[in-house]
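This report describes a two-chain model in plain terms. The sequence and structure come first, and the description follows.

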Amino acid sequence: MTPPAEAAAVRAAPPERGWPVLRTTAGDAELTDRLLAPIGTTARWWWILFALSGALTLLYVALIGYTVARGIGTWGNDIPVAWAFGIINFVWWIGIGHAGTFISAFLLLLNQKWRASVNRLAEAMTIFALVNAGIFPILHLGRPWFAYWLVPYPSALGVWPNFLSSLPWDVAAVTTYFTVSLVFWYLGLVPDLATARDRLSGTWRRRVYGILALGWRGTATEWRRYHVAYGLLAGLAAPLVVSVHSVVSLDFAIAQLPGWHSTIFPPYFVVGAIYSGLAMVLVLVIPVRHVFGLQDVITERHLQCTAKLLLAMGLMLAYSYGVEQFSAWYSGDVYERYAFLAARPRGPYAWAFWATLALNLVTPQLFWWERWRRSLPALFTAGVLVLVGMWLERFLIIVASLNRDFLPSSWHLYAPTWVDLGILAGSLGLFALLILLFLRFVPLVALSEVKQLRHELARERP
Amino acid sequence: MSDEQRATSDGRRPAEFPPGVARPGPVLSRRDFVRLLGASAALAGVYGCSRRPDELILPYVHQPPELTPGVPQYYATAMTLDGLATGLLVESHDGRPTKVEGNPDHPASLGAAGVHEQASVLQLYDPHRSRHVRHGAQQADWDAVARLLAPVALGQRVGARGEGLRLLLEPTASPLTVALLARVRERWPAAGVHVHAPFAAPDDGDALLPLPDLTRADVVLALDADFLASGPFHLRWAHDWAVRRGAGGGPSRLYVVESGFTPTGATADHRLAVRPGELETVAAALLAGVRAARGVTSAPTAPTTADEATTAWLRAAARDLAAAAGRCVVVAGPRQSATVRLLARALNAELGNEGRTMWYVRSPLLGAGDASVGSLADLAAARDVDTLLVLGGNPVYDAPADVDVAGLLRRVPNTVHLGLYEDETARACAWHVPALHYLERWGDARAYDGTASLVQPLVAPLFGGHCADELLALVAGEATPRAHDLLQTHWRGRAGDRASGFDAFWREALRRGVIADSAAPRAASAPVPAVVPPPAAPPRAAAGTLEVVLAPCPKVHDGRFADNAWLQELPEPMTTLTWGNAAQLSPATAARLGVESGDELALGAGGRTVRVPAIVVPGVADGVAVLHAGYGRDGAEETARGVGVRAQGLFPRAARYALAGVTVARTGAHHELALTQPHWRLHGREPVRVVAPGQPVAREDAAGGTRRRALPLYERQPGAPHQWAMTIDLDRCTGCGACMVACQAENNVPVVGPEGVRDGREMHWLRIDRYYADAATDAAAAAPAGPLSVAQPMLCQHCEDAPCEYVCPVEATVHSSDGLNEMVYNRCVGTRFCSNNCPYKVRRFNWFDYNRDLGDVEALQRNPDVTVRERGVMEKCTFCVQRIREAEIRASVEGRTLGPNEVTTACAQACPTRAIVFGSLTGAGSEVARLREDPRAYAVLDELGTEPRVRYLARVRNANPALAASRAPSASEAAT
């Protein structure tokens with residue numbers, strides 16, 4: 001048992017008006033056991049969700065097979081709307097994939113203590129979102145089996161990718177981001193895998209965790225090197241958070257299509273991405289801390305901070321929306337003006353425009369009030385609404401820009417097919433499936449960091 | 001649509017030739033094939049694998065008679081539609097016709113070919129064509145038909161003089177057919193001959209057809225005549241009209257009075273929409289107006305019609321005509337009443353046009369001015385018919401509603417049908433004989449002006465079959481007639497007086513495609529009855545009823561081309577409707593009825609009802625619904641079956657083309673129409689420009705500033721000797737669509753079907769956009785005269801700074817040194833970024849494997865010089881790069897430099913008005929370089945800095961100052 005004095009100190013720790021970053025009374029050993037407890041969970045809810053998400057994943061696999069076998073015509077895309085659900089889903093998922101690394105790397109570099117309890121889950125979310133994000137750009141190709149032509153390699157054809165296009169850069173940015181995120185995540189996992197190896201029962205488990213722990217023994221040298229490496233990776237990952245969605249935004253911004261051709265796109269996309277990622281963190285963390293009883297480790301403080309970040313990002317997004325509209329008006333360009341001032345608010349996809357504004361701009365305004373920042377249902381609902389809003393924003397940017405461009409003769413409406421909807425649902429299923437597997441097999445909170453934080457906080461006792 | 005039955009339904013590899021296709025030899029094993037391949041290469045046996053006809057056919061004039069495998073040859077022949085011929089040159093690849101062009105020597109073509117001619121090559125390879133002689137439900141053979149029609153057997157059944165024998169023909173002007181009919185009547189003097197086609201040229205009793213000389217007409221007035229885009233001589237007339245329009249001394253002026261909205265009406269400088277019943281009054285008022293303007297006494301002082309605006313319009317037009325007396329033309333539509341046509345004659349006579357701009361020619365059609373040739377109705381009324389030969393046509397489908405053809409066919413014991421398909425009529429007949437396509441048969445034909453041509457086959461019959469001439473000869477008593485011999489015999493008798501002998505005549509006729517000096521003499525005047533029948537009072541528009549017009553479909557005509565997927569998918573010129581027909585209503589009429597495009601209407605008259613979706617078309621006269629014939633087919637043509645609605649079912653004999661008092665009701669059903677262009681207004685943009693005569697295109701933007709242009713980022717590389725470019729003159733373009741079909745045929749462009757069109761996935765490399773150039777609002781477009789509708793062929797602009805090129809991640813679309821934007825199909829991975837970034841949206845994507853279900857027979861049509869694209873790759877106009885490279889190679893073989901005007905694209909070649917000009921910008925005498933400097937030349941979306949290689953020449957609106965106030969060309973619309 002932890003001495004009461006120390007527990008009280010932890011509870012009283014940093015300012016933030018009684019919103020401690022950690023309010024556990026458990027000692028190191030108990031904390032370890034509690035945080036490792038979810039591993040191997042066989043709760044009923046887990047199996048139900050697993051079956052559900054597994055079914056959706058099977059649908060996903062089947063529809064991917066169908067698309068590859070029949071052709072991209074099974075989707076609703078047309079000319080002029082040659083990109084639609086595939087690219088919307090890609091941007092949406094990759095946006096969600098931003099919060100994990102943002103929380104881990106940025107907050108580590110900024111020495112924000114509240115990252116420790118949620119970074120593992122957020123990073124896992126990033127990886128799994130990127131898995132989905134990686135599927136779509138390949139799947140949406142007319143001939144996906146030649147996707148590797150976008151990679152610069154010494155081809156016997158003697159042809160390089162076209163570096164004037166943003167797409168090869170896109171491939172590079174996403175694969176780099178995925179690689180670094182994965183390594184960063186795994187590196188952070190190593191001490192915890194070693195703990196799992198040491199603390200869990202069962203030969204096979206211990207063997208598997210033992211192999212994955214890469215022989216970690218927890219020596220001081222190891223810890224020192226670990227921190228250096230972790231810091232370096234954080235330094236590498238932080239700019240990637242900014243670069244990857246900037247490059248993704250160039251997929252649109254380098255085109256001359258009204259609605260795409262805009263210099264604000266890189267920061268606008270990065271902000272939007274982190275925004276949706278934070279929303280997904282809320283949607284995941286709130287139920288997870290509830291079902292595993294981790295309220296003292298993932299405290300209201302974490303949710304509070306996330307809500308504040310959500311508000312900040314929401315305001316930046318509002319600014320971006322405003323600049324987009326203003327630039328269109330100020331340009332005096334007939335095509336820009338039509339796209340932003342006529343087609344979006346009054347065109348065939350006006351519903352998406354107004355829904356985007358309502359969901360993305362109005363929702364976070366709730367969090368000016370502490371009352372709402374405390375309310376779990378409000379936070380969870382806001383997360384869901386923002387996720388929907390951000391998906392619609394990408395729908396608006398892609399479909400509503402493409403469907404009415406320069407020549408009115410080529411204007412044509414877009415409607416998704418059941419395959420489009422099935423693939424979107426399937427991608428959610430795969431994501432949920434991976435999260436469920438993660439919860440069952442991987443320490444979902446960074447044990448070593450939480451324990452370290454506990455000691456740090458105790459030391460900071462005035 | 002390639003959903004025909006295939007030989008592969010059991011999963012086996014398709015046979016090289018499906019059942020029914022006559023094989024060139026026994027089935028070969030792979031080993032035998034390779035051996036033969038080697039042998040034929042060694043022996044250079046170029047005749048070995050082709051499907052060349054057995055008889056000698058001769059290529060077009062200037063080409064060498066010997067064959068080089070892989071090098072296509074052109075043969076002259078002629079295609080007839082409603083009995084009148086258009087001379088063609090057909091490209092043949094090793095004995096397989098692939099592409100139809102116009103014959104420059106033929107008066108009805110002058111080198112152009114319309115949509116039907118262009119698409120006819122697909123019909124040749126139509127897998128739904130009938131393949132066997134049929135008797136009842138049994139497969140029979142030609143010998144059985146010969147026995148049925150053998151003189152003795154026939155005589156026993158029809159009587160010694162042939163009282164029980166009836167022949168039903170399509171209109172024909174073929175000298176051979178006419179001669180054979182004479183022989184039939186000699187043998188069976190009491191036999192009846194009847195002619196039927198729903199939209200054949202009319203006969204005013206004196207068999208004179210108007211033959212205007214539009215090259216000299218300063219003012220043209222059309223009375224519901226779509227003379228620029230339909231009819232047997234329209235290619236010639238469009239050409240002549242464009243020649244005068246583009247000549248020095250200012251453009252001509254075109255007035256059009258019409259009920260529907262046609263390409264001719266859209267081309268007009270001034271247009272008046274009237275109900276069909278009003279047309280006689282309008283024509284009479286015009287005549288009165290012209291007489292008044294010319295100061296002829298005893299004429300009413302001014303034309304009068306019901307409403308003031310119409311009267312003012314007619315007065316101005318009449319004054320303009322009178323001022324251009326002797327230099328103008330009045331043409332009346334072929335489906336107008338005799339009164340309107342006679343009034344048009346009277347107008348031309350009054351205006352002194354006869355012998356100057358208006359001539360007349362004797363109709364070459366069988367039965368013109370000949371009372372011994374009966375109609376379909378006479379036939380339906382006939383009793384005691386034993387044997388009826390239906391030699392073409394589909395009367396069960398297209399007869400007037402009150403003519404009971406099915407009953408007739410049930411009554412007659414021996415009915416023989418000759419046709420390309422087991423269509424509605426074939427099914428009702430006891431016997432069916434597969435007909436030969438015109439590219440498979442020998443024959444002859446006459447054009448509208450009487451010019452005769454020989455029809456030579458390019459390919460041995462694909463499915464077997466016979467032609468009408470052979471059946472006629474059989475009836476006339478010949479035992480084993482062969483069309484080739486019949487034809488030679490016929491012309492041997494008539495060419496005997498030629499000094500050089502028959503052989504030389506024959507060769508010359510086959511080579512040139514025209515028989516010299518065979519045109520009918522033209523008369524300088526036509527008789528006008530002293531008293532033209534007074535115009536019938538226009539029917540009062542009863543509340544809740546419409547006047548309904550039946551027009552031949554610009555695509556499938558009377559239904560004979562309904563199985564042609566190219567034509568089904570060709571957007572109808574004025575509505576862009578594909579795969580079906582609809583009742584065209586003006587916005588006011590639609591508003592009154594409370595319907596929108598796609599709402600189904602029930603049109604009823606005389607106890608007959610047609611359920612058809614509505615489509616709102618600004619420019620159609622109020623109170624009128626226009627229906628296109630040729631849909632709602634129910635024959636064996638699988639592509640055609642169930643597409644659209646059979647509009648003919650509404651129209652009785654007495655009102656074949658316009659029916660008043662048709663009740664209309666909404667059924668509540670809604671159809672999603674397969675339109676390729678649902679947006680018509682410009683939204684403040686200027687893809688099409690309209691100028692007054694002599695006025696250059698504005699170089700300023702609407703606000704008066706110089707047009708803003710994006711600055712080029714990259715230095716241009718020095719190019720190849722030739723720099724290819726195109727100009728398209730919007731003032732010459734009528735939007736007829738010939739270029740679209742030509743492009744489709746040349747470049748192996750697939751069809752996607754109605755679903756594909758609704759999904760926005762049509763594959764046309766060249767499309768025709770149509771804008772309401774003067775309508776800033778829907779209300780303006782709905783003005784009674786209709787909007788100023790400008791057609792704009794839109795294809796890859798081959799931008800020098802192409803937006804598609806830099807966004808392609810794999811360099812699948814690149815620029816050639818001679819200025820082509822090239823698409824490398826086998827490098828394309830299908831990101832479609834290029835299409836997103838193309839401001840003209842001319843790129844097309846293979847969403848599915850559109851060639852997967854391509855039948856073995858249809859595959860024969862494919863142009864071997866053009867890659868057939870696979871699934872998942874982008875494609876688009878190449879400026880017919882295969883033609884450019886072929887010409888370059890030819891020039892280099894001949895050791896000379898290629899001239900700037902030597903190469904032409906398929907679209908430019910097909911264009912009857914020469915609106916499209918293609919060539920190199922470099923080199924002396926470059927036509928395209930000259931046109932680029934025209935004051936009317938502009939680039940679409942030039943403010944984007946794409947530097948397109950396609951330039952457009954602005955549409956000219958030569959407004960009559962007296963009418964100009966009613967509608968001025970508006971170049972500057974407010975942004976919407």
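Which strands of chain B form a closed barrel, and with what pairing? The barrel has 6 strands in the order β21-β25-β22-β24-β23-β26 of chain B, and the pairing is mixed. From one strand to the next the twist averages 45 degrees, with axes taken as lines fitted to C-alpha atoms, for helices over the stretch in contact, and angles running from 0 to 180 degrees between N-to-C directions. B:L601 has B:V612 of β24(B) opposite. Strands count as paired if DSSP finds at least two bridges between them. The elements themselves are DSSP runs numbered from the N terminus, helices being H or I of at least four residues and strands E of at least two.

The model is predicted: local features need pLDDT of at least 70 and side-chain atom pairs count only at pLDDT 80 or more, while totals for chains, interfaces and linings use all residues. Residues are numbered from 1 along each chain as its sequence is written, and chains are lettered from A and ligands numbered from 1 in the order in which they are written.

**Contact of the chains**

Chain B gives 46 residues to the contact and chain A gives 40 residues. Two residues are in contact if their C-beta atoms, placed from the backbone, lie within 7 Å. On the side of chain B that touches chain A, the elements giving two or more residues are α23 (803-807), α24 (833-837) and β33 (844-845) of chain B. The largest share of that side, 4 residues, comes from α24(B). By class, the side of chain B that touches chain A has 21 nonpolar, 13 polar and 12 charged residues. Here Ala, Val, Leu, Ile, Met, Phe, Trp, Tyr, Cys and Pro count as nonpolar, Asp, Glu, Lys and Arg as charged, and the others, Gly among them, as polar.

**Core and helices**

The largest nonpolar core has 459 residues, of which A:I94, A:M125, A:Y275 and B:L223 touch the most other members. Such a core is a set of buried Ala, Val, Leu, Ile, Met, Phe, Trp, Tyr and Cys residues joined through C-beta atoms within 7 Å. Buried means that 20 or more other C-beta atoms lie within 10 Å of the residue's own, exposed that 12 or fewer do, and partly exposed covers the range in between; C-beta atoms are placed from the backbone. Helix α10 (265-291) of chain A gives the largest share of this core, 16 residues. Leaving aside residues up to four places away in sequence, B:L223 touches residues including B:V257, B:L279, B:V330 and B:V340.

In helix α12 (334-346) of chain A, the buried residues are A:V334, A:Y335, A:Y338, A:A339, A:F340, A:A343 and A:R344. They pack against α11 (300-331), α13 (350-362) and α15 (376-402) of chain A.

In chain B, the axes of α5 (175-187) and α16 (483-494) come within 10 Å and cross at roughly 90 degrees. α5(B) and α16(B) are therefore roughly perpendicular, the class for angles of 65 to 115 degrees; under 35 counts as roughly parallel, over 145 as roughly antiparallel and the rest as oblique. B:P175, B:L176 and B:A179 of α5(B) meet B:L486, B:L487 and B:H490 of α16(B). The residues of this contact divide into 5 nonpolar, 1 polar and no charged.

B:A380 lies in α11 (376-381) of chain B and is buried, with 22 C-beta neighbours inside 10 Å. Among its contacts beyond four places in sequence are B:V403 and B:L408.

Strand β3 (96-102) of chain B is largely enclosed by the rest of the structure, because 7 of its 7 residues are buried. It is joined to the antiparallel β2 (84-93) of chain B by 6 bridges, with B:S92 opposite B:P97. The hairpin has 2 residues between its strands.

| Residue | Phi |
|---|---|
| B:D94 | near 50 degrees |
| B:L941 | near 55 degrees |
| B:E947 | about 50 degrees |

B:L941 lies in the loop between β36 (937-938) and β37 (950-953) of chain B, and B:E947 is found in the loop between β36 and β37 of chain B. B:L941 is buried, with 20 other C-beta atoms within 10 Å, whereas B:E947 has 17 such neighbours and counts as partly exposed.

In chain A, a cis peptide bond joins A:I79 and A:P80, with omega about 20 degrees. A:P80 is in the loop between α3 (44-70) and α4 (85-96) of chain A.
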